[in-house]
Every structure is written in C-alpha cells, then in structure tokens.
Amino acid sequence: MSDFLPQFIQQLFNGLSLGAIYAMVAIGYTMVYGIIGMINFAHGEIYMIGAYIGLVTLSAIGTQSGIPVYLVVGAMLLVAVALTAVYGYAVEQVAYKPLRSSPRLVALISAIGMSIFLQNWVALGQGARDMAVPALIPGTFTFGGGDGGFEIYVPYTRMLIIVVAVVLMVALTLFIRHSRMGRASRACAQDMQMANLLGIDTNKVVSFTFVLGAILAAVGGVLIALAIGKLNPYIGFVAGIKAFTAAVLGGIGSIPGAMLGGVLLGVAETMAAAYISSEYKDIVAFGLLVLILLFRPTGLLGKPEVEKV
C-alpha cells in the first residue's frame, strides 16, 4: 500500500502529458466537424509531419551549435507551425473544399486517401525506419522526498508538454470567445448558410479552422518527439485514431470536450498500462469509448444535434 500512492501520482503525471497531446490533436478533429460536419482523417498525418519538420529543423541547426536550448526548441516549434499550417490549408483545398456538397462518405474516402498519401510521402522522403530525436531537455523535476517520504520524478519534457498545452488551451478559448474570427467560427458552427447570408466569408473560416488545427497538431508532434526520442512515418495513424477517440469521448464538436476527452483517455491508458498490462491499454481506452457511446452517445460535453428546418 505504501508504494501505491507514489506510483499512482507518477502515472497520473504521465497520463496528463499524454492526454495533453491527444487533446491538442483532438481539437483539430472537433473544430472541423463542428463547422463542416466532416472528419479530417488526414489530421494524424499532419501531427506526424509537424514532428518530422521539427527534427529536420533541429538537424539543420545542429545540437552542438552553442545556441541555447530554449531557442532551438522555439525554432523547431516555429518552423513546424509555419510549414504544417501550409499542409493543413492544402489538405482542406485539395481533399475537402471540392467535396463539401458531396455525400459525407465521399469526403471520408478522400480524407483517408490523403492520409495514406501523406504517410507514404514522408516515408519515401525520410525513410520508413525509426529516427532518433536527440534529448535536448534532459533531467527531471523531483517532488516529495525527505525522511520516510516518497519521490515523484517528472521529466522536463513531460512538464513542458503539460505547460504548453495549458497555455494553448487558454489562448484558444479566449481567441474563440473574443476575437472576430472566433465569433465567425462559432456562427458557422451554428448555421453555415445563415452565416454566409450575414456576410461572413465561410470559405475563409473553414480554411482557418484547418490551419488552426494543423498548428496545434504540429506543436503536439514536436513535443512528443522530444519526449519519446524517436519517430517514424506511422506515428500519425495511431495518434490520429486516439485523438479522434478523445474527441468523440468528450463530445465531437465541443472544444472543451476535446480537451477533457484527451486528458481522460491519456490517464486511462497510462493507468491501464501500469496496473493491468501495457498490452491492455488500448483495450481499456477504446472500452471506455464504447461505454460512453452506450450511455451518453453525444459524449461527455456534447449536445444533441438539433435538426435545422
């Protein structure tokens, strides 16, 4: 029993950092669905591309350049955000804009095709093998200790993920609530046709939504690459499915729901890996999703869809 509490707190920190990554990616899914009612299944590959761009930027700068670590990490994030935003815009223009009036199944097939294309695009350009990411931020925070106490170790990279995610979530919430583009996005989410009639450039809003989702995914990709220390062209598929699960868990179309769903999914996975078996973590995560859909189909914070007539 004496070992239960420190292990629980340790896994809770791990789960929060993993959940923060899922939340950042899940927001892209939920924003796109909330506005155009479609699922962007190429979003996981945008996350993967952001991680690769960060690694390429690090390789260009060099680990022995003498530049302070915080500037190197900042450059990785800045370049990844800028280039991944272009990818997000391109995905919307190529795979979604021509198909908005088509049946949803057509757009879904297009998104899956774009996902496969991007995955193989990176595999051909960078190779399909695992690539090592240098440990730029070694060391850990230590909590607790003392006579008869216990110690909790949280790597700096994990703490960085949690801090950055919280800052981005607060900034996004304020932006959506108070900015002009945020108000336009909320109007499009409520009624796209009426927003168009009122003079809102709905095409611009949709493109902005894809770009904003890509930016958040890129940040998540760079940070998880630094935390884990390796990446390959296929990490986007698994992360994308998990983030989509988090979005559905919290309530697809709800930004707070995506945040909550990501955190719950991350914590559930790490706790399952610690107390059951790492082989069962996916079963527990998706089992949680099944239970939520059985007893609350709209998700934890989702609202029933009202048919507009």
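What follows is a chat about labels and the cut-offs behind them.

Guide: First, a caution: this is a predicted model, where local features need pLDDT of at least 70, side-chain atom pairs count only at pLDDT 80 or more, and totals for chains, interfaces and linings use all residues. Residues are numbered from 1 along each chain as its sequence is written, and side-chain values use heavy atoms, with hydrogens and water left out.

Visitor: Why is Lys-242 called buried?
Guide: Buried means under 20% relative accessible area, exposed means over 50%, and partly exposed is in between (1.4 Å probe, protein chains only). Lys-242 has 5%, so the label is buried.

Visitor: Where does Lys-242 sit, and what does Lys-242 touch?
Guide: Lys-242 is in helix 9, residues 235–250; helices are DSSP runs of H or I with at least four residues, strands are runs of E with at least two, and both are numbered from the N terminus. Leaving out residues up to four places away in sequence, Lys-242 touches Tyr-22, Leu-265, Glu-269, Asp-282 and Phe-286. Contact here means heavy atoms within 4.5 Å.

Visitor: What makes Glu-269 and Lys-242 a salt bridge?
Guide: The rule asks for a side-chain nitrogen of Lys or Arg within 4 Å of a carboxyl oxygen of Asp or Glu. For Glu-269 and Lys-242 the closest N and O atoms are 2.9 Å apart, and the pair passes. Glu-269 lies in helix 10 (residues 255–275) and Lys-242 in helix 9, so the bridge ties together parts 27 residues apart in sequence. Both of these residues are buried.

Visitor: How do you know that Asp-282 and Lys-242 meet in a salt bridge?
Guide: Their N to O distance is 2.9 Å, against the 4 Å limit. That pair links distant parts of the chain, with Asp-282 in helix 11 (residues 281–295) and Lys-242 in helix 9, 40 residues apart. C-alpha to C-alpha, Lys-242 and Asp-282 are 9.0 Å apart. Asp-282 has 33% relative accessibility, so Asp-282 counts as partly exposed.

Visitor: On to rings. Why is the pair of Phe-141 and Tyr-156 called edge-to-face?
Guide: Rings of Phe, Tyr and Trp (its six-membered ring) pair if their centres lie within 6.5 Å; planes under 30 degrees apart are stacked, over 60 edge-to-face, the rest tilted. The whole structure has 6 aromatic pairs. In the pair of Phe-141 and Tyr-156 the centres are 4.8 Å apart and the planes at 75°, so edge-to-face is the label. Phe-141 lies in strand 2 (residues 140–144) and Tyr-156 in helix 5 (residues 156–178), so the pair ties together parts 15 residues apart in sequence. Phe-141, at 37% relative accessible area, is partly exposed, and Tyr-156 counts as partly exposed at 31%.

Visitor: Which residues do ring pairs link into a cluster?
Guide: Tyr-29, Phe-41 and Phe-244.
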